[in-house]
Amino acid sequence: MFNLVLFGPPGSGKGTQSENIIKSYQLQHISTGDLLRDEVSRQTPLGTEAKKYMDQGMLVPDEVVIGMISGKIDESPEARGFVFDGFPRTTNQAEALDKLLEFKNTQIHLVLALEVPEADLIARLVNRGITSGRSDDNEEVITKRIKEYQSKTEPVARYYGDQGKLERVAGHHPVEETYALLSKNINKYLLPVA
Ligand code: B4P
């Protein structure tokens, strides 16, 4: 089993690159952003709670997100591995993920951190907001999401750096070029199937 964390600020391309990675390496995709948006659209109690935070550009409480992840891993016992996209976003979430995986006799093997200048992040997300209909893709909320990332999520890079698992990758290139840089790192652990 090979488990990858795709890490980076809002709009750095985690979702975009995950799609390519799961196809080529035949891994299961776990995106906490997608899972939360699904709960919101189905108006579940969890979704109603999460929406309050997401609409303000704040992180959803750890216990909500960690509970969702555990169930999602259990749904795919035969998986070749997982791509965690947008999770963990706090050191608390990273510690919880380590414990969950240890319980399943596996671990995180590699963390790829996408690095993109802040001006590019804002431009990408404002641009996506024009078509996505996402309530958190407007300039005011985007700025809050980036601040939330800097204060709560950036420390997660140090957590994995201390474990010797972190690789930083330039994410400002076009999608295909960025993908080539990411796959070069993944190929050290696992070769593409497709
Ligand atoms: P997410 O859904 O994870 O969204 P994101 O960080 O904004 O986007 P991502 O980095 O995936 O960017 P994308 O590829 O889409 O989170 C949304 C919210 O959910 C959070 O703010 C939080 O409230 C909540 N949440 C999620 N996970 C949580 C957790 N673990 N704990 C607590 N709360 C959590 O790319 C963005 C745009 O850029 C797209 O339009 C794309 O086409 C474009 N783009 C991508 N790569 C490009 C490139 N190379 N060049 C040009 N444009 C590019």
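Q: Is N105 buried or exposed?
A: This is a predicted model, in which local features need pLDDT of at least 70 and side-chain atom pairs count only at pLDDT 80 or more, while totals for chains, interfaces and linings use all residues. Residues are numbered from 1 along each chain as its sequence is written, and side-chain values use heavy atoms, with hydrogens and water left out. Buried means under 20% relative accessible area, exposed over 50% and partly exposed in between, with a 1.4 Å probe and protein chains only. N105 has a relative accessible area of 74%, so this residue counts as exposed.

Q: What is the phi of N105, and where does the residue lie?
A: N105 is not a glycine, yet its phi is positive, at about 60°. Helices (H or I, at least four residues) and strands (E, at least two) are DSSP runs numbered from the N terminus.

Q: Which loop holds Q26, and what is its phi?
A: Q26 sits in the loop between α1 (14-25) and β2 (28-31). Its relative accessibility is 47%, so Q26 counts as partly exposed. Q26 is a residue other than glycine with a positive phi, near 50°.

Q: How far apart are the end C-alpha atoms of helix α5?
A: The expected span of a helix is 1.5 Å times one less than its number of residues. Helix α5 (residues 91-103) has 13 residues and should therefore span 18 Å. The model agrees with this, the end C-alpha atoms being separated by 19 Å.

Q: What covers the buried residues of α5?
A: The buried residues of this helix are Q93, A94, A96, L97, D98, L100 and L101. Contact means heavy atoms within 4.5 Å. The cover includes β1 (2-7), α4, β3 (81-85) and α7 (139-162).

Q: How many residues of β1 are buried?
A: In a regular strand the side chains alternate between the two faces of the sheet. F2, L4 and L6 point one way from β1, and N3, V5 and F7 point the other way. β1 is largely enclosed by the rest of the structure, because its buried residues number six of the six.

Q: How many bridges join β1 to β3, and how many to β4?
A: Two strands pair if DSSP finds at least two bridges between them. β1 runs parallel to both β3 and β4 (residues 110-115). N3 has F82 of β3 as its bridge partner, and F7 stands opposite A113 of β4. The bridges number five with β3 and four with β4.

Q: Which side chain makes a polar contact with that of D62?
A: D62 belongs to helix α4 (residues 62-74) and is buried without a salt bridge, the nearest side chain of opposite charge, K152, being 8.1 Å away. Lys and Arg count as positive and Asp and Glu as negative, with His and the chain ends not counted. A polar contact is a pair of N or O atoms within 3.5 Å; within protein, one must be able to donate a hydrogen and the other to accept it, and residues adjacent in sequence count only if both atoms are side-chain atoms. At 3.0 Å, the side chain in polar contact with that of D62 belongs to N92.

Q: What is the N to O distance in the salt bridge of D34 and R37?
A: A salt bridge is a side-chain nitrogen of Lys or Arg within 4 Å of a carboxyl oxygen of Asp or Glu. D34 and R37 are separated by about one helical turn, because they are three residues apart in helix α2. D34 is partly exposed at 40%, as is R37 at 28%. Their N to O distance is 2.9 Å.

Q: Which residue forms a salt bridge with D74?
A: The closest N and O atoms of this pair are 2.6 Å apart. The pair links distant parts of the chain, D74 in helix α4 and its partner in the loop between α5 and β4, 30 residues apart. D74 is partly exposed, with a relative accessible area of 45%, and its partner is K104.
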